[in-house]
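Please keep the viewer open as you read.

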Amino acid sequence: MEMFQAYLKKFDISLKGKMNHFSKGMRRRVFLTLAIASQVKYLFLDEAFDGLDPLARIEFNHFLLESFENHTMTVIISSHSLKDLEEIIDGYVILDHQKVLASGKMMENFEQYVKFQMAYTTPITENLFKTLSPTELKIVGKIVQIVVRREEEIIKALQETNPVMMEELEMDFNDYFTNIVTEGGEKR
């Protein structure tokens, strides 16, 4: 109870009102505080960010990170909000219809893909990139954004398409997920 009270105070949570009058974000903080104070071994969060406004999502992420710094528990988060997850998770499992598409440590597997943005002097078509087997290809006039598997010869092959500008872009968890699903055979 002491730990619960300390967390409530630390995160400026007052239980003087009725819980059903609390915002969704405040209720989540109270439940999370209760779970941490109970020193559970496993904590399961299903769609933890659902219904939270952008500011509440940021605050909830900070609360999660602060809370778990000094506790040894396994936290499993089920979510469709990949952007929110990439800042707080260590490892992941991507499921599709009860099938594991990918799993691993965060950032470890990102290295298998590379994303480029390129500009050309004339409009171009998808045929220019067919031999590179892109997992993602967006063409808007003279601008191309492409994701391909990282291979030794990929930069040289892209340069041979004669872009006037070529820049490697940073991949995020959403990009990685999209490419895993695409390579899994069915883009959603």
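1. With a relative accessibility of 1%, Y113 counts as buried; the cut-offs are under 20% relative accessible area for buried, over 50% for exposed, and partly exposed in between, using a 1.4 Å probe and protein chains only. Y113 and I58 are separated by 55 residues in sequence and, C-alpha to C-alpha, by 28 Å in space.

2. A word on the basis of these values. This is a predicted model, so local features need pLDDT of at least 70 and side-chain atom pairs count only at pLDDT 80 or more, whereas totals for chains, interfaces and linings use all residues. Residues are numbered from 1 along each chain as its sequence is written, and side-chain values use heavy atoms, with hydrogens and water left out.

3. How much of strand 5 is buried? Six of its seven residues are, so strand 5 is largely enclosed by the rest of the structure. Strand 5 covers residues 113–119 and runs antiparallel to strand 7, with seven bridges joining the two. Five bridges join strand 5 to strand 8, again antiparallel. Two strands are taken as paired if DSSP finds at least two bridges between them.

4. As background, strands of a sheet pair through backbone hydrogen bonds, either parallel or antiparallel.

5. F116 stands opposite I146 in strand 7, and Q117 stands opposite Q145 in strand 7. Towards strand 8, M118 stands opposite M166.

6. Leaving aside residues up to four places away in sequence, Q145 touches K115, F116, Q117, E136, L137, K138 and L169, with contact meaning heavy atoms within 4.5 Å.

7. The structure holds two salt bridges, each defined as a side-chain nitrogen of Lys or Arg within 4 Å of a carboxyl oxygen of Asp or Glu. In one, E136 pairs with K138, and the closest N and O atoms are 3.5 Å apart. E136 is buried because its relative accessibility is 9%, while K138, at 45%, is partly exposed.

8. The other salt bridge joins R150 and E168, with 3.4 Å between the closest N and O atoms. This pair links distant parts of the chain, 18 residues apart: R150 is in the loop between strand 7 and helix 5 (154–159), and E168 is in strand 8. Both partners are partly exposed, R150 with a relative accessible area of 38% and E168 with 42%.

9. Which residues of helix 1 are buried? In this helix (residues 2–10), they are F4, Y7 and L8. They cover an arc of only 100° around the axis, which puts them on the same side of helix 1; the arc is that of the directions from the helix axis to the C-beta atoms. These buried residues pack against helix 2 (24–37) and helix 3 (54–68). On the other side of helix 1, E2, K9 and K10 are exposed.

10. Two backbone details to finish. Just after helix 1, D12 takes a positive phi of about 55°. Strand 3 (residues 91–96) and strand 4 (residues 99–105) run antiparallel and are joined by six bridges, and D96 has K99 in strand 4 as its bridge partner. The hairpin of strand 3 and strand 4 has two residues between the strands, and H97 there takes a positive phi near 50°.

Methods. Helices (H or I, at least four residues) and strands (E, at least two) are DSSP runs, numbered from the N terminus.
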